[in-house]
Amino acid sequence: MQGLRVLIPVICGSTLTISGLIAPLRADTRSDFAPAIIVNEQAITHYEIEQRTLFFEVLGTPGNPNKEARRALIDERLKSATYENAGILVTPEQIIDGQTEFASRANMTADEFIQILNERGINQHTFEQFVRDGIGWRTFIQRRFLRRAQPTPTEVNRAMADDGGVGGVRVLLSEIFLPFSDQTIDTVRAQAEQLSQIISISEFSEAARRYSVATSADFGGRLDWMQLSEQPPALRPQILSLAVGEVTTPIILQNAIAVIQLRGIKEDVSIDRAASAVEFVTYEVTQSLGESALNHAQNIASRVDTCDDLFGEAQDHPEDSLERHTLSLQDIPHDIAQELAVLDEEEIAVKHPLTSASPTRLIMLCGRTAAPNDDAEREDIANALFQQRLNAFSTSYIDQLRANARIIEYD
């Protein structure tokens with residue numbers, strides 16, 4: 001097995017490398033199992049750190065493997081205590097599935113991957129605990145932040161409008177690039193995390209002049225307006241999830257860590273509306289509690305702000321009374337198209353019945369998007385936005401746990 005290398009892709013686009021040149025580590029002395037770190041009264045032993053160091057060396061984790069191992073184990077103690085206190089239990093079946101998925105990134109079975117780890121002196125429990133804590137923490141974050149992380153239809157529409165051909169989303173960004181080496185990655189990452197908390201455009205600009213190695217540093221990190229499509233695909237959901245003035249979480253590149261601030265965002269007015277699709281909701285309203293259907297519809301219109309609000313209004317009515325549509329302009333019925341033509345996003349119109357036999361309808365414009373995008377692409381973009389926000393919530397939450405924890409390191 002000498003010289004074996006296996007490449008495993010990871011989210012940030014780098015690779016994990018399994019090297020066959022790592023000597024097994026023995027743990028046959030009592031001191032190996034003495035506490036090296038205490039995290040809120042929970043011990044992390046020297047043996048655990050040595051095992052995780054080997055594991056990270058096998059995976060080719062950036063930075064100093066020993067420092068990364070210590071940091072990861074501290075975070076995992078905090079994570080496991082949090083998800084277990086929330087009543088989340090990770091089943092053996094989930095761990096097996098997680099190991100299988102992880103090994104598949106190297107085109108291997110879980111058993112093949114575990115065999116390689118064993119040959120490098122890595123106990124199977126190290127891999128199991130790594131997978132267990134990953135699953136437990138993701139489950140906790142999803143449950144806690146599910147509603148807040150879900151993108152709205154308008155946000156998905158904005159992302160889908162980034163078609164690069166007929167206009168789309170334009171963004172005004174500022175950037176900071178911080179170089180790092182194996183010896184400095186911990187310090188640089190901590191600095192990047194501090195910079196990611198900046199909410200002032202002037203403060204970010206000052207930091208760019210002081211710390212950034214990018215050519216834009218002379219201009220305070222400020223870039224000109226550009227199409228969102230010019231940004232790497234993996235970065236677009238991060239940018240779209242920002243409010244003006246907010247900064248991305250640190251983005252680890254090959255030799256630098258980047259943070260990006262959003263200074264402005266707008267849609268090109270040059271979009272060809274004839275090639276667009278429109279998302280809208282129609283709601284057939286009936287009379288209620290002595291109100292006429294028309295009065296009832298007007299009252300609903302006065303208290304809803306978004307398309308999603310209409311679903312709450314319709315929850316006790318027949319399921320087919322409210323429908324959400326995404327149609328090309330040529331496919332929208334003429335009478336509805338006339339109403340939509342004068343509406344802005346999240347505006348609502350009450351369509352008066354032409355005859356007593358016709359229903360009173362509310363029509364609400366949810367947004368516009370490029371017609372070529374289909375349901376599958378819409379789902380992909382929504383998932384990308386959702387995962388990006390969950391990652392941001394996860395990073396923020398563990399930072400808070402770490403700041404409040406009692407951590408003692410003995411060496």
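This tour visits the salt bridges of the model, pair by pair.

Before you click, note that this is a predicted model, where local features need pLDDT of at least 70, side-chain atom pairs count only at pLDDT 80 or more, and totals for chains, interfaces and linings use all residues. Residues are numbered from 1 along each chain as its sequence is written, and side-chain values use heavy atoms, leaving out hydrogens and water.

With a salt bridge taken as a side-chain nitrogen of Lys or Arg within 4 Å of a carboxyl oxygen of Asp or Glu, the count is 12.

**Stop one: select E41 and R406.** Their closest N and O atoms are 3.2 Å apart, forming a salt bridge. E41 sits in the loop between β3 (35-39) and β4 (42-45), and R406 in the loop between α13 (375-404) and β13 (407-409), so the pair ties together parts 365 residues apart in sequence. Helices (H or I, at least four residues) and strands (E, at least two) are DSSP runs, numbered from the N terminus. E41 is exposed at 63% relative accessible area, while R406 is partly exposed at 46%. Here buried means under 20%, exposed over 50%, and partly exposed in between (1.4 Å probe, protein chains only).

**Stop two: select D75 and R402.** This salt bridge has its closest N and O atoms 3.0 Å apart. D75 is buried at 10%, and R402 is partly exposed at 22%.

**Last stop: select E68, D186 and R189.** Salt bridges with shared partners join these residues into one network.
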